[in-house]
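Please look through the sequence and the three-dimensional structure shown here before reading on.

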Amino acid sequence: MNPIRSLALNARYLAQRASRQNRLNELASQNQAPISVLFYHRVADQFPNPWTISTDKFQQHIEYCEENFEMISLAEVQNRLESGCSPRPAVSITFDDGYAENSEFALPYLIEKRIPCTYFVTTEHIRRNLPFHHDVQFGRLLDVNTPAQLKDAIAGGIEIGIHTANHIDFSQVTDIKTLQTEIVDAKADLEDMIDHSVSYFAVPFGMPQQMRPAVFETARQCGIRGVCSAFGAYNQVGNDAFHIRRIHGDPQFARLRNWLSYDERKCLSEPALPLDDILTPGPSAVFAPVSFPSFSSQAIPT
């Protein structure tokens, strides 16, 4: 971040800290405390890139969150949104992609501290031990997780979620068959790979143009309990609990703190998602119809 911008952001935060805390206290007293869901990709101290955060900065993030927020799972995020009762500001931790280095520090650290985490992976990269395309473009072939590492993470209490089969950009998809492959088949493949059920789905890139109605409906029909975006927004009472909004775990602590302290101006700038989609699955969808659970707060396990 530009040093001048960082100074300005810190100054703004300090000037508004008291009023923001008062607003958070007011919302909490009304059982409407906002919930932030953070997403990370890679925690490592070697070969940094725009989607890597160092181990010390990640630890700083987690310690700050623990001191100031309740740390909850995605299921509990949904419970609070569904029930209309969010009594305390809270944070949930997620990861995307599936980098092997996360098994060296980040995941053991979260497990040791008993912090809930949902870890989203792309199945074909895990199955075939393939580096991610964005790493290839960046000129660094980084190792991906193995199925054994994912099973170890589950044993420690980490929840594994699906991030498609091939890290696809849904804004470019033109056929329902691709939705079948990247969501339905990928979910089934991952469940076979880890011998565990999969409840959550993070959309690659996760911007409004990828968050298409057909993507949401396909996820619902194959039993997914919640779909995560990544364009930066709070989860607030009154939101659809099936759509979990996420904020980037920015390595620049000033920017992260500004988000987590609840900047109400950002609520006004949350983008609208597309309402129409020619690919919306219906009776002619290529996958077999399945029954999926009610999304009442009682139906979502904690």
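The charged end of Arg140 sits over the ring of Phe47, 3.7 Å from the ring centre, where "over a ring" asks that NZ of Lys or CZ of Arg be within 6 Å of the ring centre and within 35 degrees of the ring normal. Arg220 places its charged end over the ring of Phe242 in this way, 3.9 Å from the centre. This is a predicted model, in which local features need pLDDT of at least 70 and side-chain atom pairs count only at pLDDT 80 or more, while totals for chains, interfaces and linings use all residues. Residues are numbered from 1 along each chain as its sequence is written, and side-chain values use heavy atoms, with hydrogens and water left out.

Which strands pair with S1? S1 and strand S5 (residues 90–95) pair in the parallel sense over six bridges, and two bridges join S1 to strand S11 (residues 247–248), also in parallel; strands pair if DSSP finds at least two bridges between them. Tyr40 has Phe95 as its bridge partner in S5, and Phe39 stands opposite His248 in S11.

Aromatic rings give another view, and a search of the whole structure finds 14 aromatic pairs, counted for rings of Phe, Tyr and Trp (its six-membered ring) whose centres lie within 6.5 Å, with planes under 30 degrees apart called stacked, over 60 edge-to-face and the rest tilted. Tyr40 and Phe95 form a tilted pair, 5.7 Å centre to centre with 35° between the planes, and this pair links distant parts of the chain, 55 residues apart. Tyr40 counts as buried because its relative accessibility is 2%, and Phe95 is buried with a relative accessible area of 0%. The rings of Phe216 and Phe242 have centres 6.3 Å apart and planes at 50°, so this pair is tilted. Ring pairs also link Tyr40, Phe58, Phe95, Phe105, Tyr109 and Tyr119 into a cluster.

Among the buried residues of H2 are Thr55, Phe58 and His61.

The largest nonpolar core has 63 residues, and those with the most contacts inside it are Phe58, Ile93, Phe95, Ile160 and Phe201; such a core is a set of buried Ala, Val, Leu, Ile, Met, Phe, Trp, Tyr and Cys residues joined through side-chain atoms within 4.5 Å. Helix H8 (residues 176–194) gives the most to this core, with eight residues. A second, separate core of 14 residues includes Val37, Val77, Cys228 and Ala241.

How values were computed. Buried means under 20% relative accessible area, exposed over 50%, partly exposed in between (1.4 Å probe, protein chains only). Helices (H or I, at least four residues) and strands (E, at least two) are DSSP runs, numbered from the N terminus.
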